[in-house]
Amino acid sequence: MLQPLRTACCIFGMWGNSTYKRTSSRDYTNVVDVEDNSALVQNNEDPEASNPSWRLSLPHILVATISSFLFGYHIGVVNEPLESISSDLGFNGNTLAEGLVVSTCLGGALIGSLFSGWIADGFGRRRAFQLCALPMVIGASISATATNLAAMLFGRLLVGMGIGVGPPVASLYVTEVSPAFIRGTYGSFIQIGNCIGLMGALFIGIPVREIAGWWRICFWVSAIPAGILALAMGFCAESPHWLYKQGRSAEAEIEFEKLLGKGLVKFAMHELSKLDRGDDTDTVKLSELFYGRHFRALWYKCCVLFLFNCI
């Protein structure tokens, strides 16, 4: 009874194999990707079968989050001690000078953020963190030892340039080194770091009214996490995405092994190569931000942010 069924299956299989079907280039690419993925599955390298341990990448994420902590800290560090700073430096009652002490840091952050992408792409993610930590250490030291308004403003400007580079690079770094299944959670660490930095600045400024010169301690304290960021980043993994784009595939595999484990290195490199093949990014010149669709998008976002700040 089974013989006719077997015969029909054989005939159908021969007919299916002899039938010619023209496929598009996109279908061919999908076939190639399926074959590559099947080979990876045979080697037990399918990430859906077992996700990498989140403990491997967590230390690298925590170190990068220090830059976000410092952003929040330096935004709020002068709120409580501002009256003491103005009295000790001789501009008490000068609202313009007090406003400059607060806002100069944000002006420096604007400058730093404009160059953050160039620094991250030119020097690598790890070196970018170390470069942003340097002005934060120097600027905090200058502010802590300032004897006049000019020195305070210069220190705040340097610090602002550092915190302008740090958080954008942190967002990029977290995206590139995080496993996909926990990337959203790690991305929230950046915002959490900002909030903890703000709360830490307010908390450490509490004794400023009872202890003379305590505001200098507030600035000295900020140099500690900045130094930790510069030193610890030397032991963290470099972004495999950046290494791959630099043509350093062997080093990218080594960094993937640190972040994901040895069993998922080949699959991660395969996914990275597919991403690179399909990377048809739309390059935007700086001048294009002032006209066309990019200008409209930028103007719309600025208006929305302004309205939210006014509410």
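Which residues are linked with Glu80 in a network of salt bridges? Glu83 and Arg209 are, and point 4 comes back to them.

1. **Ground rules.** This is a predicted model, so local features need pLDDT of at least 70 and side-chain atom pairs count only at pLDDT 80 or more, while totals for chains, interfaces and linings use all residues. Residues are numbered from 1 along each chain as its sequence is written, and side-chain values use heavy atoms, with hydrogens and water left out.

2. **Overall build.** You will find 13 helices and zero strands here. Helices are DSSP runs of H or I with at least four residues, strands are E runs of at least two, and both are numbered from the N terminus. The protein has 311 residues, and 37% of them are buried; buried means under 20% relative accessible area, exposed over 50%, and partly exposed in between (1.4 Å probe, protein chains only). Taking contacts between residues at least 6 apart in sequence, 76% join residues at least 24 apart, where contact means heavy atoms within 4.5 Å.

3. **A buried histidine.** His74 sits in helix H3 (residues 54–76). His74 counts as buried because its relative accessibility is 1%. Leaving aside neighbours within four places in sequence, its contacts are Cys105, Met136, Ala140, Arg156, Val159, Ile163 and Ser222.

4. **Salt bridges across the sequence.** The structure holds six salt bridges, each a side-chain nitrogen of Lys or Arg within 4 Å of a carboxyl oxygen of Asp or Glu. One of them pairs Arg209 with Glu80, with the closest N and O atoms 3.5 Å apart. Arg209 lies in the loop between helix H8 (183–204) and helix H9 (214–232) and Glu80 in the loop between H3 and helix H4 (82–89), so this pair ties together parts that are 129 residues apart in sequence. Arg209 is exposed, at 60% relative accessible area, whereas Glu80 is partly exposed at 30%. Another salt bridge joins Arg125 and Glu176 (2.9 Å, N to O). That pair links distant parts of the chain, from helix H6 (residues 125–144) to helix H7, 51 residues apart. Both Arg125 and Glu176 are buried.

5. **A salt bridge inside one helix.** Glu255 and Lys258 also meet through their side chains (3.7 Å, N to O). Because the two are three residues apart in helix H11, about one helical turn separates them. Glu255 is buried at 9% relative accessible area, and Lys258 is partly exposed at 39%.

6. **The surface.** The accessible surface comes to about 18,500 Å², with 65% belonging to carbon and sulfur atoms; areas come from the Shrake-Rupley method with a 1.4 Å probe, and for residues only the protein chains shown count as cover. A nonpolar patch of about 820 Å² includes Leu110, Trp118 and Met161. Such patches use residues with over 30% relative accessible area and no salt bridge, with nonpolar side chains (Val, Leu, Ile, Met, Phe, Trp, Tyr) joined within 5 Å and like charges within 9 Å. Helix H5 (residues 95–123) gives the most to the patch, six residues. Leu110 is in H5 and counts as exposed at 53% relative accessibility.
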